Every structure is written in structure tokens, then in C-alpha cells.
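Here are some friendly notes to read alongside the model. Please have the viewer open as you go through the points.

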Amino acid sequence: AAIADGLIGTSQFWLAGGITNGGHVLSFGLSRDVWERLDDADKALIETCTSEAFHQCVSEHAAHDREVAPVLMSHRGIERRQWQDELRRAVSHASTQIVEEIAESSEKSRSLSENYMFFRRSVTGSPEIGNSVGLV
């Protein structure tokens with residue numbers, strides 16, 4: 001969108017993938033009370049659908065990346081770079097600490113955090129905030 005709107009400005013570098021490997025954010029919420037009332041078949045259906053939505057989001061991001069990269073590099077002279085793993089890990093670590101601190105600030109925050117981390121583990125296999133499945 002920034003390219004179409006002419007908002008690139010004077011950028012010299014494009015950090016591909018964003019801070020997370022997939023460069024996206026996608027979330028699904030369901031209260032724990034509702035979740036616990038569901039039978040195993042309904043839980044499996046929700047897990048399958050949310051996982052599919054996550055993978056579709058990652059795939060769409062990768063497809064967009066393949067379309068944007070040539071324009072940025074050849075027509076705009078912008079150099080593509082990757083986030084360094086050390087920086088990615090540092091941001092992930094700091095984000096995890098911040099979320100943990102906020103989660104401990106109230107019962108509602110703790111409940112929201114537990115539900116979100118349950119979702120992260122269900123879909124990505126990891127509760128790490130900066131972790132991404134990256135499947136295409």
C-alpha cells in the first residue's frame with residue numbers, strides 16, 4: 001500500500017519479514033468458559049480453522065513479499081535486508097517480559113494472557129511472542 005500511495009519516502013533499506021518471521025499479526029479469542037463447555041470435536045474444529053487462517057495469513061504474506069521485493073529493489077533502489085537473529089531474539093525476549101508483567105497486573109490481564117498463550121501454543125506450537133511458524 002505504501003508503494004501505491006507513494007509513501008516510501010527516503011527509505012534505503014527494506015527489512016523483509018518484519019520483527020516476526022512471518023511479518024504479520026493474527027489473533028483469535030474465545031473465552032475460557034466457552035472453550036471448556038465445548039466437546040472435543042468442536043475444539044478440534046476451532047483449532048483446525050484457526051490454524052488454517054494462520055497458515056493462510058503466512059502464505060499471503062509470503063506471496064505479497066514476492067511481489068513487492070522486485071518493485072522495491074529494481075524500481076526504487078531499496079536494498080532488502082533481513083532482521084538479524086540476535087535482534088529478533090532480543091525483541092522477542094523483551095516482548096515476552098512485558099506481556100508477562102502486564103499479565104500479572106490484574107486477574108483480567110492474567111486471564112487474557114493465559115487464553116492468548118493457549119491459542120499461540122495450539123496454532124504455532126510455541127508460546128513465544130516473536131515466534132512464527134512460517135509455513136507456506
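Is Ser105 buried or exposed? Ser105 is exposed, at a relative accessible area of 54%, where exposed means over 50%, buried under 20% and partly exposed in between (1.4 Å probe, protein chains only).

1. Ground rules. This is a predicted model, in which local features need pLDDT of at least 70 and side-chain atom pairs count only at pLDDT 80 or more, while totals for chains, interfaces and linings use all residues. Residues are numbered from 1 along each chain as its sequence is written, and side-chain values use heavy atoms, with hydrogens and water left out.

2. The loop at Ser105. You will find Ser105 in the loop between helix 3 (85-103) and helix 4; helices here are DSSP runs (H or I, at least four residues), numbered from the N terminus. A polar atom of the Ser105 side chain lies 2.6 Å from the backbone oxygen of Ile102.

3. The structure holds three salt bridges, each a side-chain nitrogen of Lys or Arg within 4 Å of a carboxyl oxygen of Asp or Glu. Arg110 meets Glu104 at 2.9 Å, N to O, and Glu107 with its closest N and O atoms 3.5 Å apart. These salt bridges share partners and join Glu104, Glu107 and Arg110 into one network. Glu104 is exposed at 56% relative accessibility, as is Glu107 at 55%, whereas Arg110 is partly exposed at 26%.

4. Helix 1 to helix 4. Another salt bridge pairs the side chains of Arg32 and Glu114 (3.5 Å, N to O). Arg32 belongs to helix 1 and Glu114 to helix 4, so this pair ties together parts 82 residues apart in sequence.

5. One aromatic pair. The structure holds one such pair, counted when ring centres of Phe, Tyr or Trp (its six-membered ring) lie within 6.5 Å; planes under 30 degrees apart are stacked, over 60 edge-to-face and the rest tilted. Trp35 and Phe118 sit edge-to-face, 5.5 Å centre to centre with 65° between the planes. The pair links Trp35 in helix 1 to Phe118 in helix 4, 83 residues apart. Trp35 is buried at 14%, while Phe118 is partly exposed at 36%.

6. The largest pocket. Its lining has 22 residues, with Leu30, Asn115, Tyr116, Phe118 and Phe119 nearest the centre. A pocket is an open set of points on a 1 Å grid over the protein atoms alone where a 1.4 Å probe fits, with protein on both sides within 12 Å along at least five of seven lines; lining residues have an atom within 4 Å of a point. Helix 4 gives the largest share of the lining, 10 residues.

How values were computed: Helices (H or I, at least four residues) and strands (E, at least two) are DSSP runs, numbered from the N terminus. A polar contact is a pair of N or O atoms within 3.5 Å; within protein, one must be able to donate a hydrogen and the other to accept it, and residues adjacent in sequence count only if both atoms are side-chain atoms.
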